[in-house]
Amino acid sequence: MTKIYAKIFEVQKEVKAIEKDSENPFFKSQYFDINKLVQVLKPLFEKNGLVVLQPLVTKDGKNHLVTQIIDVESGESIDSSVALPEGLDAQKTGAAITYLRRYSIQSLLFLEAADDDGNTASG
């Protein structure tokens, strides 16, 4: 697993704080959308021979979003899985998937971002 860790380290060294260029009017907070995140990360992944996949899978009867980072050279991979919220209509499920995609990648790569949601929740 040493090759993939070294490559992720190279990506982390190059990623600066991702600019929050979208606004959530409901919470009056700013965030970076998934397209901005992909735009920033994709060239760095390509440069380092990494690919990211985010399939939806069923585990233990529940739907999950899995985030995988794969080293295309060695085949090594790391992944993270999070259960999707249940009982939502299709539109809310889609929004939840987008939210979870963004934060799963951010968490897995240890990316810098201000905690707007935490600040809002704490008052």
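This is a predicted model: local features need pLDDT of at least 70, side-chain atom pairs count only at pLDDT 80 or more; totals for chains, interfaces and linings use all residues.
User: How far apart are the closest N and O atoms of K7 and D71?

Analyst: The closest N and O atoms are 2.8 Å apart, and K7 and D71 form a salt bridge. K7 belongs to helix α1 and D71 to strand β5, so this pair ties together parts that are 64 residues apart in sequence.

User: Which side chain makes a polar contact with that of D71?

Analyst: The side chain of S74 does, at 3.1 Å. D71 has a relative accessible area of 0%, and its strand, β5, covers residues 62-71.

User: How many salt bridges are found in the whole structure?

Analyst: The search finds 5. One of them joins K3 and E73, whose closest N and O atoms are 3.5 Å apart. K3 lies in helix α1 and E73 in the loop between β5 and β6, so that pair links parts 70 residues apart in sequence. K3 is partly exposed, at 42% relative accessibility, whereas E73 is exposed, at 59%.

User: Where do E10 and K13 lie?

Analyst: Both are in helix α1, 3 residues apart, which is about one turn of the helix. E10 counts as partly exposed at 30% relative accessibility, and K13 counts as partly exposed at 46%.

User: Changing topic: which residues of the largest nonpolar core touch the most other members?

Analyst: L41, I69 and L109 do, in a core of 16 residues. Helices α1, α2 and α3 are the elements that give two or more residues to this core. The most come from α2, with 5 residues.

User: What about α3: how many residues does it have, and which are buried?

Analyst: Helix α3 has 20 residues, 90-109, and spans 28 Å from its first C-alpha to its last, close to the expected 28 Å. Its buried residues are A96, I97, L100, R102, S104, I105, Q106 and L109.

User: What is seen at its start, and what follows it?

Analyst: At the start of α3, a side-chain oxygen of D89 comes within 3.1 Å of the backbone nitrogen of Q91. After the helix comes F110, which has a positive phi near 60 degrees.

User: Lastly, which residues make the nonpolar surface patch of about 230 Å²?

Analyst: V51, L53 and V72 make that patch. L53 sits in strand β3 and is partly exposed, with 39% relative accessibility.

Key
Residues are numbered from 1 along each chain as its sequence is written. Side-chain values use heavy atoms; hydrogens and water are left out. Patches are made of residues with over 30% relative accessible area and no salt bridge: like charges are joined within 9 Å, nonpolar side chains (Val, Leu, Ile, Met, Phe, Trp, Tyr) within 5 Å. Accessible areas come from the Shrake-Rupley method with a 1.4 Å probe; for residues, only the protein chains shown count as cover. A salt bridge is a side-chain nitrogen of Lys or Arg within 4 Å of a carboxyl oxygen of Asp or Glu. Helices (H or I, at least four residues) and strands (E, at least two) are DSSP runs, numbered from the N terminus. Buried means under 20% relative accessible area, exposed over 50%, partly exposed in between (1.4 Å probe, protein chains only). The expected span of a helix is 1.5 Å times one less than its number of residues. A polar contact is a pair of N or O atoms within 3.5 Å; within protein, one must be able to donate a hydrogen and the other to accept it, and residues adjacent in sequence count only if both atoms are side-chain atoms. A nonpolar core is a set of buried Ala, Val, Leu, Ile, Met, Phe, Trp, Tyr and Cys residues joined through side-chain atoms within 4.5 Å.
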